[in-house]
Structure formats: structure tokens, C-alpha cells
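Work through the exercises below with the sequence and the 3D view open. Try each task before reading its solution.

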Amino acid sequence: MTDTRADQPDLTAVPLPPYSLRMGGAHFKRDADFVQAGIRDVKLLRQRAGLGRRKRLLDWGCGAGRLAIGVKHLLGNVADYHGVDVQPELLTWAKDHLSDEHTRFTLVDQHNARYNPDGQATYDIPAEPGSVDVLYSYSVFSHMLTDDVAGYARTIARILAPEGRALMTAFVEDDVPDCVENPTDYLKLEWKGALHCVRFDRRFFEGLMWDAGLAVEEYVHGRETDGQSMYVLSPRA
């Protein structure tokens with residue numbers, strides 16, 4: 001599918017999850033906004049991380065498949081889209097409605113105090129070493145403390161292909177404490193509950209990435225609607 005068609009996508013062409021399953025709150029309430037957000041991020045992955053139809057894409061924290069829907073609208077398919085999440089209801093909907101020969105989903109049972117408090121304490125991501133060309137992670141590190149970020153970053157460095165790229169978001173600011181859960185008055189929002197918002201100091205966060213084997217290729221501050229920043233990372237030589 002061409003970008004021209006994606007500018008005004010047919011909202012009936014690909015199944016859409018109910019609003020209750022759309023992570024992101026009011027930003028994605030309208031079907032058009034939800035689809036366009038997926039398309040936008042596929043374009044971003046194409047421009048910043050080299051995504052194309054022959055690439056292997058891992059959507060870590062895929063939810064109900066917003067990015068997969070964007071792929072179907074903009075590219076038709078990629079060589080392999082693999083969505084991974086810890087939330088059974090979201091993952092099951094995506095698996096039942098979006099799976100095809102190029103699109104698959106895997107439920108993992110890993111601990112997260114906010115989204116899967118009874119899960120296993122591991123840092124596994126279901127992919128073979130060097131097998132991922134593009135990894136996308138929207139608002140995942142924003143709900144993890146330091147040890148978990150460091151552990152998963154090491155896994156990401158291992159599963160990325162040598163020329164692979166990871167595009168992810170996180171709450172990152174200059175000259176703040178290294179890691180704070182639910183910082184008071186941050187971004188004029190009320191953060192409450194386990195790991196609702198975890199904010200990192202930029203130098204500290206980038207040090208975690210470096211120590212894990214990942215180099216920062218690009219950083220854009222506060223690009224997302226909730227104030228998260230964007231990173232493009234590559235395996236460190």
C-alpha cells in the first residue's frame with residue numbers, strides 16, 4: 001500500500017480493537033486517530049530504523065496490535081511481524097484478529113508490577129540472537145525501574161541483528177535524579193499506582209544502554225503525546 005492511500009485509510013480494511021483494549025487512553029479513542037498513530041509509527045520506523053517489507057520486526061509491548069495495524073495499512077506486510085506482550089486480553093484479541101502468515105503474536109509471563117505482578121522474574125524476549133532487524137518498544141521502559149531496564153536492554157542487544165535498530169520511548173530528562181517512580185508534578189500529570197511513570201536522567205539512562213551493549217543513534221526529547229522521548233539504538237561494536 002502506498003503512503004497516499006494511508007493518508008486517508010479505509011478504517012474497515014483491518015479489524016480494530018475495542019476502545020477498552022487500546023493502550024494510550026483518550027488519544028486513541030477515535031478509530032481514525034488509533035489507525036493514524038500506527039501508520040505514523042510505521043513511517044517513523046521506515047525512516048529512522050530501516051523498516052521495509054523484507055525486514056523482521058519485533059513489537060515488544062505490542063498491546064492489541066496498533067503497530068501491526070499500521071503495518072497492514074502502510075506496507076501490507078513485512079517478512080515477519082512478531083508482537084509480544086504480557087497482557088492476555090490484549091494479546092488474545094490481536095492474535096485472533098490480526099494473525100496471518102506474516103503476522104504472529106506471543107504472550108509472555110514476565111513480571112511487571114503494573115501489568116503482570118504475578119509473572120516470572122526473567123528478562124527473556126522470545127527471539128533468537130541476531131534475529132531482529134527492527135525492534136519497536138512504545139512506552140515499555142516508561143514502566144520499569146533500573147534493574148529491569150538494564151536486564152531487558154542486554155536482551156535487546158543480543159537479539160538485534162548486527163545492522164539492526166531499536167526504536168523505543170521513555171521518560172527521560174536532563175539533570176534530574178537517576179530514576180524516580182511517579183515523580184510529583186511531572187508534565188503536569190498525576191501519576192499513581194505501581195510504575196505509572198518511571199522517569200530517568202538522560203545521562204544515567206544512556207549509560208544503562210551503553211553498558212548493555214547498545215549505542216544511541218538518535219534522541220528526540222518529548223516527542224510523544226504524554227511527554228516521552230524517542231530513542232533509536234543500535235548494537236554497540
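**Exercise 1: a strand and its partners**

Task: Find the residue that stands opposite Arg199 in E7.

Solution. Phe171 stands opposite Arg199 in E7. Strands are DSSP runs of at least two residues (E) and helices of at least four (H or I), numbered from the N terminus. This model is predicted: local features need pLDDT of at least 70, side-chain atom pairs count only at pLDDT 80 or more, and totals for chains, interfaces and linings use all residues. Residues are numbered from 1 along each chain as its sequence is written, and side-chain values use heavy atoms, without hydrogens and water.

Next, the pairing. Two strands pair if DSSP finds at least two bridges between them. Strand E5 (residues 160-173) pairs with E7 in the parallel sense, over three bridges. Strand E6 (residues 179-181) runs antiparallel to E7, also joined by three bridges. There, Cys179 faces Phe200 in E7.

**Exercise 2: two faces**

Task: Are the residues of strand E7 (residues 198-201) buried or exposed?

Solution. Side chains in a regular strand alternate between the two faces of the sheet. On one side of E7, Val198 and Phe200 are buried. On the other, Arg199 and Asp201 are buried. Buried means under 20% relative accessible area, exposed over 50%, partly exposed in between (1.4 Å probe, protein chains only).

**Exercise 3: a helix**

Task: How many residues of H5 are buried?

Solution. Helix H5 (residues 146-159) has 14 residues. Of these, 10 are buried, so H5 is largely enclosed by the rest of the structure. Among them are Thr146, Tyr152 and Ile159.

Technical notes: Expected span 1.5 Å × (residues − 1).
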